[in-house]
Amino acid sequence: MENRVPPLKGHVVVVNCNEKVAAIVEELQTGSNGEPLDVVLLVHDRELWEAHPHWHPEGGGGAGFYTLYGSAHDMELLKQASIRHARAAIILADPTQGVLTDARSTLAAVAIERENPQVHTVEELILSINRDHLARMNVDEVVCLGEISEKLIAQSCISPGVKNVFQELLTTRSGTTQIFLPEIPLSLHQKTYREIARECIEKGTPFIPLGYIINTPIPRTSGPRKGIAAKSVCINPRRSAKDIPLTGHSQLAVMAYDPPGDLGRWLG
Amino acid sequence: MKRFSDSRQPRSSALATTLELFIVACIFLSLVLIPLEILFPEKHLFFWRMELVFTAIFVVEYVVRWGLAEKRLIYPFTRYAIIDLLAIAPTLLMVLAEHFTLFSVARSVRLLRVVRFLRLLRFLKFLRYGYLLYRFALHLRIRFSTLRDQIQANQLEKIFLYAFLTWVIGANSLYLTETHFTVGEGAYTGYWESYWHIIIVLFSGIEDKEPLSLPGRIEVTILLIMGICFAGVITGEIVSILVRKIQRLGKITLKPRESRLEHHIIILGHNKHFKNIVRQVHAAMGGRHYILVVSRNADSLEKEDEDVYKRVMALKGNPLDPAILERMDLDSASRVIVLSSSMRMEDNPRDIDNRSLLKVIAVYGRNSTVPMVAELQTEEALAAAGVLDGVEFLVSRHFGERLASQAVLNPGVTTIYDSLMTFSDDSSEFYTVPVPSYLVGKTFRDAQLHFLDDDDEAIIPVGIDRSDEACPNTRFTLCPQAGQAGLSSGEMVFKEGDCLVVIAYEQPRFVAVSREALWRGRELCRN
C-alpha cells in the first residue's frame, strides 16, 4: 500500500472505504480477466480506515494499491488519482453517513464524471428508491446491495441452489464462467441473433450467446459530456426478437470462461 | 431413491387449468345425472341427451390428451387413460346397444342397468384433478376461517346461542306459568304465540301483550332486562368488529388461530428487504401460494399492494417461541426464508447473525426437510452454518462486491445480472430442470440447436447439472462445450437423471410435475 501515486493509466479509482474494499481489490487484481489492475483508494476518514485493518486488501497480483486521503469532491485529489486516465471508478457507500449516504456518493460520482466523462462509474446504492436519480446523473452502473439480497433470497426460495450459479458467474477466478459483452464486429452487421447463435453452436465456439444489447447513441451536445446511449437489453430473445438484424453499436451478451475478444475471429 | 416418480404429467398453463376446472364440473354434473334418472324417470330423454353431451366432451378430452401425449403408442395403457376410457365406455355401449342389433344382448334391461351404474366409475377421473381440487378446497377453508376470525364468529355464536336459549326457555316458561295461573285466554296461553311475544320482548323491548299473572309479569320483567343486555352486547360486538376492521385497514391479514396453512412459504423476521421479497415471490408464484410472515411486529405490517398481499398472512410473535413455531404449520410448509432482523439499534452484525442462526436451528429441529434460505451478514457465521445440510445461506455483501468488480471488468453487465435475478413477465431466470426424454442420449449441442429453433418457448441451455437431487446446483458445469474448461465430449452426452441449467422466462413446459413432490409441497405450484 503506497501513499504517493505515480501517474497511472487504465486503473480503477475506488472512492470511500468500507468492508467491501478488500474483496473488490482482490477481484480486480487476481481475477482471470486480463491483466491485474492498479487501484487507487480515496479515503475521506483516515481514522476509520486505520481502525479497520481487516478492510485493507492483501497485496498481490503484481498490481499496485495506493491510498490517498481526502474528499472525492476535491478536484486536486482526483487529479492526483489520475482520474482522467482511469478506466473506471467505484463509489462505495460511506459507512459514516448512514442510510442517506447515497447523496454523498452521487455527488462524488458527479465530480468524477465532470473530470472525466469517459470514465465508467459504478456506484454502490443503499436505497433502491434512489436508482432513478442516479441514472439521471449519468452514473453508468449501480449496484444496490439491498436489491441483490432481496432478489437472491427470492431466487433461492423458488429455485434452491440457484445462488451457486450466480456465485460462479460473478467470480473472476480462473476456471469459472462470466458474462461478457463483446461488440458486434462489422463482419456480423445485419446478422440476426438467431443466425449468430446458430453459427456459434455449429462452429463450437467457447461461449454461449445469451442475448444482445442495442445501444442507440444520442448526438453529443456542446461540451465535454459523453454521448449517452439508450440501451435496449434483450436476454433470451423470444420469437421475433431472435430475427432482428444487429448492427454497429450492438453488443452480444455471452457466457464464457474467458473474454471472447473480437467475435470476428470466431464467426463471420 | 429413484429420481423421478412415475406419476408425472406435463405442466399446465392458466388456460389449461381453466379447462381442467371445466372438465371437473362436467364430471360432477354427469354423476349427478345418475340418481336424477332414477328419481325422475319421466325426464329420461332430457337426462339422456345431457349424458350424450357430457360423453362427447369426455371423448374430445380423451382424444386431445392422446394426441398431445409424449408416447402415443403407450398412452392408452396408462392409468389415467384407462380411467378416462372407463368413464366413457358405458355410455358408448348404451349408444351402440340402441343402434346395433349385434349388441342385442346388451339391450336386456338388467344389463343396461348395470352398465348405467358403471358410469359411476367417472368418480375415478377426480384422481387426475386431485391436486387442483385440493388447492381449491384449501383456499376456501382458509378464506372461511379468516372471515370467521375477522367477525369474531366464536363470540357472536355464543351470544346468539345464549339469546336463542333464553328465548326458548322464556317462551316455554311464560306459557307454563300463564296456563297454570290464569283462567281464560291470554297472550301467553297459546304455545307458539308465546314464542312470538317473547322474541318481541327480548329484541325490541316493547311489551305490548302483558301477562295476566303476577309470576308471568315478573318473568317478562326479567326477560326485558335480559333483552336490553343482549342488545347491548350484540351492539358492542358488532362495533368492536367494525373498529377492529378499521384498525386493520391496510394491514396484512392476521393468521387465524384455528386455520392451518399448507404448502405455504414462511418468512421469519422482518427487515427492509421484506416488501421486495414478497413482491418477487408473488411475481414468481403468481400468488398461488400463501406467504406467512412471522415477527414481533407482524401485526403492524402494512399491505403495499392489495393484489400482491392477497395471500400474505401475519403471525405476531417471537419466531423462537415454541408456541409460535407450532402455529407456523412448519410440517406442511413448502419453503422457509429467514431474514436478518435486529431488535435494537446497537445490534452488531454478529448479534444479528446469531439470531438468524437460532431461527434456522429452531426450524431445522422441527422440520429438517423443508428447503430453507437464510440471510447472513458475516462470513464468519457462514462458515459456522455450513454444517446444516439442505439450508442455503446468503451473505449478500459477497455478491455485491463481485458485482461491483464485474461492472468494472465488463461494463454494462449489471443490467444483465439484474434481469436474470428478477422475477417478472419480461425477464428470464435460471432454472435447473431434468433433461427431457427426447434429449437423453443426445449432446449439449443438440439441445442448443433444438431450443434455438423452438419459437414456442424461449429457452437457452447454459449448463449441465449432475448434482444429487437433494442438493441441486452443487455439481454443475456452465458452458460445458468450452473445450478444456468445459466437459469432455463424452461427458456432454445427456444421461437419464441429468439436469439442464437453462435461462427461461418461466419453468419450461416440458418439465413434468412430480405428483408426489406437489402433494408433499416440495414442488411449488406456479400455474
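In which sense do strand E1 and E2(A) pair, and over how many bridges? The two strands of chain A, E1 (residues 12-15) and E2, pair in the parallel sense, over four bridges. Please keep in mind as you read on that this is a predicted model.

## A covered strand in chain A

Let's stay with strand E2 (residues 39-43) of chain A for a moment. The strand is mostly covered, with five of its five residues buried. Burial applies to both faces: Val39(A), Leu41(A) and Val43(A) lie on one side, Val40(A) and Leu42(A) on the other, and all are buried.

E2(A) also has strand E3 (residues 65-69) of chain A as a partner, in the parallel sense and over five bridges. If you want to find these pairings in the structure, start from two residue pairs. In general, strands of a sheet pair through backbone hydrogen bonds, either parallel or antiparallel.

## Where the two chains meet

Between the chains, 69 residues of chain A are in contact with 68 residues of chain B. Helix H6 (residues 145-158) of chain A gives the most to the side of chain A that touches chain B, contributing 13 residues. Sorted by class, that side of chain A holds 38 nonpolar, 17 polar and 14 charged residues.

H6(A) itself is mostly covered, as 13 of its 14 residues are buried. Its length can be checked too: at 1.5 Å a residue, the 14 residues of H6(A) should span 20 Å, and the end C-alpha atoms are 20 Å apart, so the two values agree.

## Chain B as a whole

Chain B contains 16 helices and 13 strands. Of its 527 residues, 32% are buried. Among contacts in chain B with a separation of 6 or more, 66% come from residues 24 or more positions apart.

## An antiparallel sheet in chain B

Chain B has an open sheet of four strands in the order E9-E12-E10-E11, with antiparallel pairing. Its edge strands are E9 (429-434) and E11 (476-478) of chain B, each of which pairs on one side only. On average, neighbouring strands of this sheet are turned by 35° against each other, direction ignored.

Strands E10 (residues 459-465) and E12 (residues 499-504) of chain B pair in the antiparallel sense over six bridges. Here Gly463(B) stands opposite Val501(B) in E12(B). Helix H15 (residues 444-453) of chain B lies across E10 and E12 of chain B and runs at about 160° to E10(B).

## A buried serine in a loop

Is Ser340(B) buried or exposed? Ser340(B) has 22 other C-beta atoms within 10 Å, and is therefore buried. This serine is found in the loop between strand E6 (335-338) and helix H11 (349-366) of chain B.

Leaving aside neighbours within four places in sequence, Ser340(B) is in contact with Gly269(B), Asn271(B), Ile352(B), Ser356(B), Glu375(B), Leu376(B) and Gln377(B). As another reference point, Leu320(B) is 20 residues apart from Ser340(B) along the chain, and their C-alpha atoms are separated by 14 Å.

Methods: Residues numbered from 1 in each chain as written. Chains lettered and ligands numbered in written order. Predicted model: local features only at pLDDT ≥ 70, side-chain atom pairs only at ≥ 80, totals over all residues. Contact = placed C-beta atoms within 7 Å. Nonpolar A, V, L, I, M, F, W, Y, C, P; charged D, E, K, R; others polar. Expected span 1.5 Å × (residues − 1). Buried ≥ 20, exposed ≤ 12 C-beta atoms within 10 Å, placed from the backbone. Pairing = 2+ DSSP bridges. Axes fitted to C-alpha atoms, helices over the stretch in contact; angles between N-to-C directions.
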